Structure formats: C-alpha cells, structure tokens
Amino acid sequence: MSFHENYIKSVLFEFRRYKTMGDKTFDQLSDKEILWKLKDTDNSISIIVKHMVGNMLSRWTNFLTEDGEKNWRNRDMEFEGEYQSKAEMLIAWEKGWNCLFNALESINASNFDTKVNIRSEQHTIIEAVNRQLAHYAGHVGQIVFVGRMIKGSDWVSLSIPKGGSKDFNKKMFGSSNSA
C-alpha cells in the first residue's frame with residue numbers, strides 16, 4: 001500500500017471513529033436535550049453540530065479546487081438559530097460528514113500532491129486534513145462531554161466503562177494481565 005493510500009485509510013478510520021462517537025451520543029439524547037446549555041453564553045450540542053456542518057461543507061466542497069473558506073459561508077450565523085429537532089440536526093450532520101468522506105475518497109496518487117487553500121493560505125493535503133481532524137475531534141469531545149453532563153448516571157459509556165478495563169482486556173487478549 002502506498003503512503004497516500006495508507007494515510008487516507010488512516011484518516012478515514014479516525015474521522016469515522018469521531019462520527020460514531022457523535023452518533024452514539026445523539027442516540028442517547030432527546031430533542032430537548034440537544035438544546036441544553038449550562039449557561040446562556042454556552043453552545044448547545046445543536047449549535048456545535050451546526051458549526052461543524054458549516055465548517056465541513058465549506059472545507060470539503062470542491063476540496064482540491066476551491067478555497068476551504070467559501071464566500072457563501074457565514075460562520076457567525078452557525079452560532080445562532082439552533083436546529084430545533086434532533087431529526088433536523090441529524091440530517092445536517094450526515095450531509096456534512098458525507099461531504100467530508102466524498103472529498104477524502106477522491107484523493108488518489110495523481111492529486112495527492114495538490115496544494116489546497118484555506119483562507120488563502122496554502123496547505124498540503126496532509127496539513128489540511130490533519131487540521132480538520134483535530135478541529136472535529138475537539139468538537140466531538142465537547143458533544144460527548146455535554147451529552148454526558150445531560151445524562152448523568154443514565155449515560156451509556158462510548159468506550160470501556162469505568163472499572164471495566166480488566167474485563168475488557170481479558171475479552172480482547174485472553175488475560176487480565178494485559179495493559
């Protein structure tokens with residue numbers, strides 16, 4: 001497998017992992033809960049998703065040929081006017097991720113060395129993709145954290161639950177001695 005194929009495979013895996021974390025959080029929340037804020041100045045899960053979708057559509061639409069900051073994007077408006085239902089939010093969420101996955105899947109040996117622009121600044125594909133991976137990982141972390149705050153003791157862990165490492169390792173490795 002070539003370097004570019006390995007890199008794209010790796011980042012697709014990571015982006016899918018973060019999308020799944022968001023999906024599993026949304027599965028636990030109601031329409032009302034996606035709008036919850038600790039304080040009026042905070043962003044709800046709905047607003048975080050709206051921002052992520054705006055960023056995804058801007059960055060990944062015509063990824064190789066147009067600046068990642070599209071003139072039709074209004075970033076400030078992403079923090080106003082929440083999605084009012086989980087169904088509406090999930091439609092947008094899927095649209096953003098589909099745009100991202102389609103763009104990544106279009107990268108191949110013949111275009112891997114293309115320079116892409118974000119806000120008129122040139123990036124290698126690796127730099128641009130890593131920038132977005134880090135950005136989305138941070139926001140998915142916020143979504144999971146807020147979801148966990150909302151659900152409290154009803155939260156269903158997205159990974160190994162507290163106190164479950166020994167059992168997980170035994171299942172994975174056949175021994176409780178593994179790290």
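The model described here is predicted.

Helix α2 covers residues 45–60. Its 16 residues should span 22 Å at 1.5 Å a residue. The end C-alpha atoms are 22 Å apart, which agrees with that expectation. Burial is complete along this helix: 16 of the 16 residues of α2 are buried. The helix is therefore largely enclosed by the rest of the structure.

Just after α2, the backbone takes a positive phi of about 50° at N62. Most residues other than glycine have a negative phi. N62 is not a glycine, yet its phi is positive. The residue lies in the loop between α2 and α3. With a relative accessible area of 68%, S120 is exposed.

Salt bridges were examined next. Side chains of opposite charge can pair when their charged atoms come close. The whole structure holds 9 salt bridges. One of them joins E105 and R16, with 3.0 Å from N to O. E105 lies in helix α3 (residues 86–105) and R16 in helix α1, so this pair ties together parts that are 89 residues apart in sequence. Both partners are partly exposed: E105 has a relative accessible area of 46%, and R16 has 38%.

E69 takes part in a salt bridge with R59, and their closest N and O atoms are 2.6 Å apart. E69 lies in the loop between α2 and α3, whereas R59 belongs to helix α2, so the bridge ties together parts that are 10 residues apart in sequence. R59 is buried, at a relative accessible area of 5%. E69 is partly exposed, at 23%.

The side chain of E69 also meets that of R119 in a salt bridge of 3.6 Å, N to O. R119 lies in the loop between β1 and β2 (121–123), so this pair ties together parts that are 50 residues apart in sequence. R119 counts as partly exposed, with 45% relative accessibility. These contacts belong to a wider set. Salt bridges that share partners join R59, E69, R73, E78 and R119 into one network.

Empty space was considered as well. Rolling a probe the size of a water molecule over the atoms shows where such space is left. The structure holds 1 cavity of 30 Å³ or more. About 50 Å³ of space lies in the largest cavity. Its lining consists of R59, F63, E66, G68, V116, N117, I118, A128 and Q132. Strand β1 (116–118) and helix α4 each supply at least two residues of the lining of the cavity. β1 gives the most, with 3 residues.

The largest pocket has a volume of about 310 Å³. It is lined by 13 residues, and those closest to its centre are W155, S157, L158, S159 and I160. Helices α1 (3–26) and α4 each supply at least two residues of the pocket lining. α1 gives the most, with 4 residues. Helix α4 therefore contributes to the linings of both the largest pocket and the largest cavity, by the DSSP assignment of helices.

A nonpolar patch lies on the surface. W36, L38, F145 and M149 form this patch, with about 410 Å² of accessible area together. M149 is found in helix α4 (residues 125–151). Its relative accessibility is 36%, so M149 counts as partly exposed.

Key:
Residues numbered from 1 in each chain as written. Predicted model: local features only at pLDDT ≥ 70, side-chain atom pairs only at ≥ 80, totals over all residues. Heavy atoms only, no water. Patch = residues over 30% accessible without salt bridge, like charges linked within 9 Å, V, L, I, M, F, W, Y side chains within 5 Å. Areas by Shrake-Rupley, 256 points an atom, 1.4 Å probe, with all protein chains shown as cover. Salt bridge = Lys/Arg side-chain N within 4 Å of Asp/Glu carboxyl O. Buried < 20%, exposed > 50% of the residue type's maximum accessible area, 1.4 Å probe, protein only. Expected span 1.5 Å × (residues − 1). 1 Å grid on protein atoms, 1.4 Å probe; cavity = no way out; pocket = protein on both sides within 12 Å on 5 of 7 lines; lining within 4 Å. Points joined across faces, edges and corners; volume = space filled by probe spheres on them.
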